[in-house]
Amino acid sequence: MDPNAQIPPHVQQGPYPTMQPAAPPVQATLASPPAARGFPWARLIATFLGVALVFSLSINFILFGSLAGSLGSGKPRVQEEFIMHNKAATNKIAVLTLEGLIVDGEGFFKQQIERARKDAERGTLKAIVLRINSPGGTITGSDSMYHQLRKLREQTGLPMVVSMGTMAASGGYYVAMAVGDQPGTIFAERSTWTGSIGVMIPHYDLSELLANWGIQEDSITSHRLKSMGSFARKMTEEERAIFQALVDEAFEQFKEVVRSGRPAFRQDPAALDRVATGQVFSAEQARKVGLIDEIGFLEDAVDRAIELAGLSKDDVCVVQYKPEPTLLDMLMGAAVNNRPAISLETLFDVATPRAYYLCTWLPPLASSYRR
C-alpha cells in the first residue's frame, strides 16, 4: 500500500492512531545584537530651533524697544566726533552740518544749534564752522535755519565760518548768509556749485493727460481761487498773477538776506540783480562775482575760525556734531531711519502749491526727510 496515498474521507480509520510525520526540528536563531544608537539629530535640531526662537524674540523685543524709544523722543541725541588738531584741548570748535533737502528747519540741525548754545554757555565752544551741502528747500525751512543761526551768533558772539560742500545753492546759500558780514568767512570747495538765488513754485499742467483718460476736475470750493494751482486744469491769468506776487515777495526777502551777509551787494544793488537770476555758479565764478570769499576745503574754513577766535591749532579741539546712533541703527543700519517714505502725506505735500528756495527741476518727494 502506498504510504503516500490519502485515505478517502468516508473510510473510517482503525483503532490505532495514524502516525503523523514528525515536525521539523525548531532551529534556534541567534539574537542579533542591539543596533548601535545613532547621533541624536532630532534633539540637536530641536535645541537649535529653540535657541533660534529665543534669540529672535530677544532681537525683536530689543528692536521694538529701540524703535519705541526713538518714536517717543523723536530726537536723536547729539554726540561729538573728533576730526582734527588737539583732542585733549579744552578750547573747542564745532562743525555744524546742514546736509540734504531743507524741509521745515526742525530736526537734527536745530538740535546741533541747541547743543552749540549750551557749549557756548559752558565756555568751551570758541567758534563755529557751518558745513553746508544742500540744494535748498522750502522758504520757511530755509528762513528758520537762517534765523536760528543768526540768533546763535548774535547771542554768543562766537565767530562763524561757512564751508560749502558739493552744493550750497538757493536755500543752502540763504542759510550761509547767517555768518554775517565778517570778511573772509565763506569758503567753497573747488567743485562746489552755489548761488541759484531765486524762488520757484512748481506747477504741472496735467489737464490734457487727464482728459485723455476721461478724468475731469469736479471740485466744490468756497471760491474760485480755493483750488488755484490745481494740476487738473490750466492755470488762469488771475491765479498766475497771485502766485507771481508771492514769488516776488519771497525773492525780495532772499535778496535782502544776501545783502545782509554780503556788504558789497549793499553798496551795489545792481551787481546783486545780475547774479540773482537763479543761475548756479561754480566756486571760481562765485568768487569772482562776490558770492563767496575764498576757495578752500573744510580745514581751511577751520583755520579761519581758529584765527577769528584768537587761538592756535595746538590749543584747539575740532569736533563735528553727529546724531548718536541708536541700537536700531547699529543692528539695521542708519538707512532704516533716513530713507524717505512715499506716503499719502508725501503725495498731498507734492500736490500743495508752495514756494521754494530750491535748485532742482523735480518736485521734492521728501516729507519724511527732515533737516
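**Reading the salt bridges and a helix**

Guide: Gladly, and let us start with one side chain: lysine 234 is exposed, with a relative accessible area of 52%. Keep in mind that this is a predicted model.

Visitor: With which residue does lysine 234 form a salt bridge?

Guide: Side chains of opposite charge can pair when their charged atoms come close. Here the partner is aspartate 205, and the closest N and O atoms are 3.2 Å apart. The two residues link distant parts of the chain, 29 residues apart: aspartate 205 sits in the loop between strand E7 (193–195) and H5, and lysine 234 in the loop between H5 and H6. Aspartate 205 is partly exposed, at 37% relative accessible area.

Visitor: How many salt bridges does the count come to?

Guide: The count comes to 23 salt bridges. One of them joins arginine 115 to glutamate 80, with 3.1 Å between the closest N and O atoms. Arginine 115 lies in helix H2 and glutamate 80 in strand E1 (residues 78–85), so this pair ties together parts that are 35 residues apart in sequence. Glutamate 80 is partly exposed, at 32% relative accessibility.

Visitor: What separates arginine 259 and glutamate 256 in helix H6?

Guide: About one helical turn, because they are three residues apart in helix H6. Arginine 259 counts as buried at 17% relative accessibility, while glutamate 256 counts as partly exposed at 46%. Elsewhere, salt bridges that share partners join Glu80, Lys92, Arg115, Asp119 and Arg122 into one network.

Visitor: Now a helix, please. How many residues does H3 have, and what span does it reach?

Guide: To read a span, go from the first C-alpha to the last. Helix H3 (residues 139–156) has 18 residues and reaches 26 Å, close to the 26 Å expected at 1.5 Å a residue. At its start, a side-chain oxygen of threonine 138 comes to within 3.0 Å of the backbone nitrogen of glycine 141. After H3 comes glycine 157, with a positive phi near 75°. Among the buried residues of H3 are Ile139, Met145, Tyr146 and Leu152.

Visitor: And the surface: which residues make the nonpolar patch of about 590 Å²?

Guide: Look for Tyr204, Leu206, Leu209, Trp213, Ile215 and Phe231. Phenylalanine 231 is in the loop between helix H5 (207–212) and helix H6 (237–261), and is partly exposed at 38% relative accessible area.

Visitor: How much of the protein counts as buried?

Guide: Of its 371 residues, 37% count as buried. The protein has 13 helices and 11 strands.

How values were computed:
Residues numbered from 1 in each chain as written. Predicted model: local features only at pLDDT ≥ 70, side-chain atom pairs only at ≥ 80, totals over all residues. Heavy atoms only, no water. Helix = DSSP H or I, 4+ residues; strand = E, 2+ residues; numbered from the N terminus. Expected span 1.5 Å × (residues − 1). Buried < 20%, exposed > 50% of the residue type's maximum accessible area, 1.4 Å probe, protein only. Polar contact = N/O pair within 3.5 Å; in protein donor to acceptor, adjacent residues only side chain to side chain. Patch = residues over 30% accessible without salt bridge, like charges linked within 9 Å, V, L, I, M, F, W, Y side chains within 5 Å. Areas by Shrake-Rupley, 256 points an atom, 1.4 Å probe, with all protein chains shown as cover. Salt bridge = Lys/Arg side-chain N within 4 Å of Asp/Glu carboxyl O.
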